[in-house]
Amino acid sequence: MKGEGKVFFLKSRMKWIGLLGLVLSAFSLLVHFLLAGFTDDSISDYSIPVTLFSWRPVFDNPRFNRHTPLYRRLWGPTRHVESLLPYAIPRGYHSDPPARTNGFVFVRIQGGFHEIRNSIPDVVAVSRLLNATLVIPEIQSTTSSKGISSQFKSFAYLYNEEHFMASLANDVRVVKTLPKNLKWARRKKQIPSFKVSYGSSPYYYLHHVLPVLIKHSVVELVVPHGGCLQAILPTNLEEYQRLRCRVAFHALQFRKEVQELSTKVLQRLRPLGRPFIAYDPGMTREALAYHGCAELFQDVHTELIQHKRAWMIKRGIVKGKLSVDSAEQRLQGLCPLMPEEVGILLRAYGYSWDTIIYVAGGEVFGGQRTLIPLHGMFENVVDRTSLSTGWELAKMYGRESKHKDIRPKTPPSVEEETKHDSSKSIRQRPQPLPPPPARPKYYNIEGWWGWVAESDNEPENTVIELRTNAHKLLWEAIDYVVSVEADVFVPGFDRDGKGHPSFASLVMGHRLYQSASAKTFRPDRKQTAMLLEEIRDHMYEANHTWIASVRKLLKKSILEGLVESSKRSKAFSFLSHPVPECSCIKRDHRVSNVSLIEADLGVTHRCPQGMDGAVRSKDNKNAEKEEDLDEEDLSSSGFFFGHKESGGSSNSNNETVNSEANNKEEGQLEDQEELEGGER
């Protein structure tokens with residue numbers, strides 16, 4: 001009896017254990033279902049302790065000394081414009097927008113990231129000029145895209161609507177949508193519409209648009225080219241320039257998801273507190289076609305660019321001939337600097353092989369193959385894809401609907417093909433042969449595509465391509481934030497596919513406004529091309545004389561390039577050079593610095609007393625000793641294109657000795673540099 005009771009007890013215990021296991025399994029499944037309910041496309045919001053992204057930085061020496069003349073020369077602020085501070089506040093009488101306006105201005109903006117960003121400040125200024133209520137602009141590349149997230153529509157896909165409206169409360173009345181009666185009239189296409197040209201004058205709006213606005217209480221403006229108001233306004237409209245600055249640099253804030261991912265990318269770019277360079281190649285198919293730079297590439301790339309140029313000529317975008325001497329265009333500075341050439345310039349200037357370089361500005365025509373030489377010269381070349389994960393990007397995109405055109409089509413079965421063939425054979429009359437297959441689209445690994453056919457027409461975008469075009473706005477938004485915050489910015493090209501200022505121009509203008517002393521190279525492409533042509537046959541064996549010439553050229557580009565941009569870029573885009581209208585001079589300044597700022601940049605307004613300490617150099621002691629460049633100090637040229645070799649302590653000791661010698665020579669020439677700076 002006792003044995004039977006013991007066996008019964010063991011059996012019942014096993015049953016209870018099994019039942020407990022089933023309960024725990026059911027509870028676990030329930031928890032998983034609950035978590036899935038709070039996710040977007042099975043992507044959870046919770047964070048994991050280990051961030052999985054592809055880049056693993058490689059440094060020659062983990063320790064990075066910021067207190068050396070060499071560091072100040074490569075990364076330090078530009079001393080001569082440290083006195084320049086952002087100041088976009090109205091300086092005269094500035095009335096609040098009236099409660100009753102002349103009507104509503106509805107705006108549709110076409111184009112890419114830089115065209116959208118260049119247009120929005122203009123339409124705000126136009127709305128105030130017309131005393132109109134601005135309806136939040138519609139971004140065409142998001143509204144026409146299928147399959148993108150329904151969480152974010154039009155303007156809200158890229159920017160923060162609430163912040164935009166709150167920031168402009170004292171300047172322009174802004175509403176989210178038209179009233180119901182006007183919204184219905186717009187859908188029926190019963191409201192007057194204007195397709196405004198690039199850089200339209202205030203006279204055009206006051207004498208052509210305003211009378212129609214007063215009559216109909218609403219007008220629609222279509223902005224196809226980016227920028228609908230002329231860059232340089234009359235003196236009596238100078239307050240509208242500061243309004244543009246308030247919109248571009250304060251009101252236009254990216255939506256929360258984009259801002260958060262941009263912050264993460266910036267944090268990952270600064271391992272161990274190291275500085276980094278942001279580089280925008282500016283090599284888009286449209287820009288290369290517009291400026292006649294097809295022969296910089298080979299094989300199918302040249303054919304793709306020429307096809308695009310023929311398409312532009314047919315539509316009147318390009319006035320020149322189809323065949324252009326690309327070599328001559330390059331020597332005239334009308335073509336982008338290739339990534340290999342930019343890498344050579346940076347190495348010649350003194351940046352070491354382990355410098356962090358962030359490639360910005362969207363896609364690079366030619367794909368990663370074009371960037372191979374740059375990767376060969378610098379170990380830590382990265383972009384947004386290597387500093388973010390797939391689930392982080394998906395979270396930024398939001399929940400996107402699945403479209404039937406996006407799913408891959410399965411091939412028909414053998415039975416279906418047999419049935420189709422038999423049905424064709426039953427027919428009495430013979431059918432004509434099908435037309436020959438069209439030439440397929442050309443794809444490469446990186447995802448960009450071009451299309452070459454017998455006609456000049458470009459193919460219509462597929463659903464996948466429309467969705468990708470919308471995603472590009474978010475990618476370039478991340479690149480924009482990173483480029484503005486970078487320690488050094490290098491543009492490969494500053495013109496787009498219509499000859500207007502591009503992504504790089506807007507970045508340089510924002511950096512000039514926000515932190516004028518941040519190091520930004522603006523190399524003269526014509527002089528750079530001539531220098532590179534001298535060593536075309538031995539590009540990786542440059543001598544000391546050539547390196548000295550490059551250093552002198554890049555040194556001049558920091559200040560002289562800034563002055564040149566006020567004459568060249570500002571005429572096309574005010575945001576590429578928002579000085580002197582949106583800046584002031586700090587009161588505790590140097591006489592030499594102020595003379596440069598007043599004479600060459602035209603800034604005469606003194607900052608209010610409370611702003612004197614608003615912007616300071618990160619290291620005040622070193623700011624007084626900033627080393628811009630020393631053409632004669634070529635001690636670092638011994639490491640030109642050198643790489644870290646596997647070795648023991650002897651190599652590291654040699655590096656330390658050479659670094660100390662470098663710093664000593666740099667320090668001995670500080671007084672001479674200060675004197676040269678004073679003369680300038």
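Student: Why is Arg495 called buried?

Tutor: Its relative accessible area is 11%, and buried means under 20%, exposed over 50% and partly exposed in between (1.4 Å probe, protein chains only). Arg495 is therefore buried. Keep in mind that this is a predicted model, where local features need pLDDT of at least 70, side-chain atom pairs count only at pLDDT 80 or more, and totals for chains, interfaces and linings use all residues. Residues are numbered from 1 along each chain as its sequence is written, and side-chain values use heavy atoms, with hydrogens and water left out.

Student: What makes Asp494 and Arg495 a salt bridge?

Tutor: Their closest N and O atoms are 4.0 Å apart. A salt bridge is a side-chain nitrogen of Lys or Arg within 4 Å of a carboxyl oxygen of Asp or Glu, and the pair is counted as one. Asp494 is buried, given its 6% relative accessibility.

Student: Which salt bridge does Arg568 form?

Tutor: Arg568 pairs with Asp494, with 3.3 Å between the closest N and O atoms. Arg568 sits in helix α20 (residues 544-568) and Asp494 in the loop between β13 (488-491) and α18, so the bridge ties together parts 74 residues apart in sequence. Helices (H or I, at least four residues) and strands (E, at least two) are DSSP runs, numbered from the N terminus. Arg568 has a relative accessible area of 33%, so this residue is partly exposed.

Student: How many salt bridges does the rule give?

Tutor: The count comes to 24. Another one joins Lys264 and Glu392, at 3.9 Å from N to O. Lys264 belongs to helix α9 (residues 256-269) and Glu392 to helix α15 (residues 390-397), so parts 128 residues apart in sequence are tied together. Lys264 is partly exposed at 33%, whereas Glu392 is buried at 5%. There is also a network of salt bridges linking Arg108, Glu138, Arg186 and Glu220.

Student: How do you know that Cys245 and Cys582 form a disulfide?

Tutor: Their sulfur atoms are 2.0 Å apart, and a disulfide is a pair of cysteine sulfur atoms within 2.5 Å. The torsion about their S-S bond is about 90°, so this disulfide is right-handed. Cys245 lies in helix α8 (residues 238-251) and Cys582 in the loop between α20 and β15 (583-585), 337 residues apart. Both cysteines are buried.

Student: Why is the disulfide of Cys293 and Cys335 called left-handed?

Tutor: Because the torsion about the S-S bond is about -100°. The sulfur atoms of Cys293 and Cys335 are 2.0 Å apart. Cys293 is buried at 0%, and Cys335 is buried at 2%.

Student: How many disulfides are there, and what is the pairing?

Tutor: The structure holds 3. With the bonded cysteines numbered in sequence order, the pairing is 1-4, 2-3, 5-6. One of them joins Cys584 to Cys607, S to S 1.9 Å.

Student: What makes helix α3 oblique to helix α18?

Tutor: The axes of α3 (residues 113-129) and α18 (residues 503-514) come within 9 Å and cross at roughly 50°. Angles under 35 degrees count as roughly parallel, over 145 as roughly antiparallel, 65 to 115 as roughly perpendicular and the rest as oblique, so α3 is oblique to α18. Axes are lines fitted to C-alpha atoms, for helices over the stretch in contact, and angles run from 0 to 180 degrees between N-to-C directions.
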